[in-house]
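Grab a pencil and open the structure viewer. Below are a few exercises, each followed by a solution you can check step by step.

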Amino acid sequence: MKKFYLTLGLAVAASAAVNTAAFADEAASLDLAKKSGCLACHSVEKKVVGPAWKDVSAKYKGDAGAKDRLVAKIKAGGKGNWTEVTGGVPMPPYSPRVADADIASLVDFVLSIAK
Ligand code: HEC
């Protein structure tokens, strides 16, 4: 029995560590989004000027080419994919203002929202 509780304790501790890591990743990504200026127009939960990132994530769920297209869209800006939500406001271009690696990690974060 003692062994069982020990194993259970370790499992709980391990999953708590995983959750904490996921939370830290999310906090770091939101911090990067804030520093990059994205949160002026986006939030995870709600449409601001641009679409809610949870809706972006849901739209491209399971779409293997989405990452490359979204990276390109953030670099060059553009419109047309969310007209019914935004009324046709364009997404501004972010390259070279935001480093390519940061854009890639922001896209990874957005796509990870819809599990
Ligand atoms: C000035 C407002 C504004 C800012 C700042 C902004 N966005 Fe956007 N974003 C938009 C709008 C408007 C759209 C919808 C474009 C469309 O209809 O295709 C959009 C769309 C998107 C999409 C979905 C693109 C698609 O084609 O489906 C992603 C991902 C995104 N933004 C990420 C970001 C990131 C990351 C940043 C910061 C580096 C950022 N946005 C900054 C306004 C903004």
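Let's start with a term: a residue is buried if 20 or more other C-beta atoms lie within 10 Å of its own, exposed if 12 or fewer, and partly exposed in between, with the C-beta atoms placed from the backbone. Keep in mind that this is a predicted model, where local features need pLDDT of at least 70, side-chain atom pairs count only at pLDDT 80 or more, and totals for chains, interfaces and linings use all residues. Residues are numbered from 1 along each chain as its sequence is written.

**Exercise 1. Leu106 and its partner**

Work out whether Leu106 is buried or exposed, and find what it touches.

Step 1. Locate Leu106: it sits in helix H5. Helices (H or I, at least four residues) and strands (E, at least two) are DSSP runs, numbered from the N terminus.

Step 2. Count neighbours. Leu106 has 23 other C-beta atoms within 10 Å, so it is buried.

Step 3. List contacts, meaning pairs whose C-beta atoms, placed from the backbone, lie within 7 Å. Once neighbours within four places in sequence are set aside, Leu106 is in contact with Ser29, Leu32, Ala33, Ser36 and Cys38.

Step 4. Leu32 has 16 other C-beta atoms within 10 Å, so it is partly exposed. Leaving out residues up to four places away in sequence, Leu32 touches Asp102, Ser105 and Leu106.

Step 5. Compare chain and space: Leu32 and Leu106 are 74 residues apart in sequence, yet their C-alpha atoms are 7.6 Å apart.

**Exercise 2. Another spot on H5**

Which residues does Val110 touch, not counting residues up to four places away in sequence?

Step 1. Val110 is also a residue of helix H5.

Step 2. Val110 counts as buried because it has 23 C-beta neighbours inside 10 Å.

Step 3. With those close sequence positions left out, the residues touching Val110 are Trp53, Val56 and Ser57.

Step 4. Take Ser57: it is 53 residues from Val110 along the chain, and the two C-alpha atoms are separated by 5.8 Å.

**Exercise 3. Two helices crossing**

Describe how H3 and H5 pack.

Step 1. Get the geometry. Helix H3 (residues 66-76) and helix H5 (residues 100-112) pack at an angle of about 125°, and their axes are 9 Å apart. Axes here are lines fitted to C-alpha atoms, for helices over the stretch in contact, and angles run from 0 to 180 degrees between N-to-C directions.

Step 2. Name the angle. That makes H3 oblique to H5. Under 35 degrees counts as roughly parallel, over 145 as roughly antiparallel, 65 to 115 as roughly perpendicular and the rest as oblique.

Step 3. Find the residues. H3 brings Ala66, Lys67, Leu70, Val71, Ile74 and Lys75 to the contact, while H5 brings Ile103, Ala104, Val107 and Leu111.

Step 4. Sort them: eight are nonpolar, none polar and two charged. Here Ala, Val, Leu, Ile, Met, Phe, Trp, Tyr, Cys and Pro count as nonpolar, Asp, Glu, Lys and Arg as charged, and the others, Gly among them, as polar.

**Exercise 4. Around the ligand**

Which residues come nearest to the ligand?

Step 1. The shell has 28 residues, and Cys38, Cys41, Gly50, Asn81 and Met91 come nearest. A residue is near a molecule or strand if its C-beta atom, placed from the backbone, lies within 6 Å of it.

Step 2. Elements giving two or more residues to this shell are H3, helix H4 (83-86) and H5. The largest share, three residues, comes from H3.

Step 3. By type, the shell divides into 17 nonpolar, nine polar and two charged residues.

How values were computed
Two residues are in contact if their C-beta atoms, placed from the backbone, lie within 7 Å.
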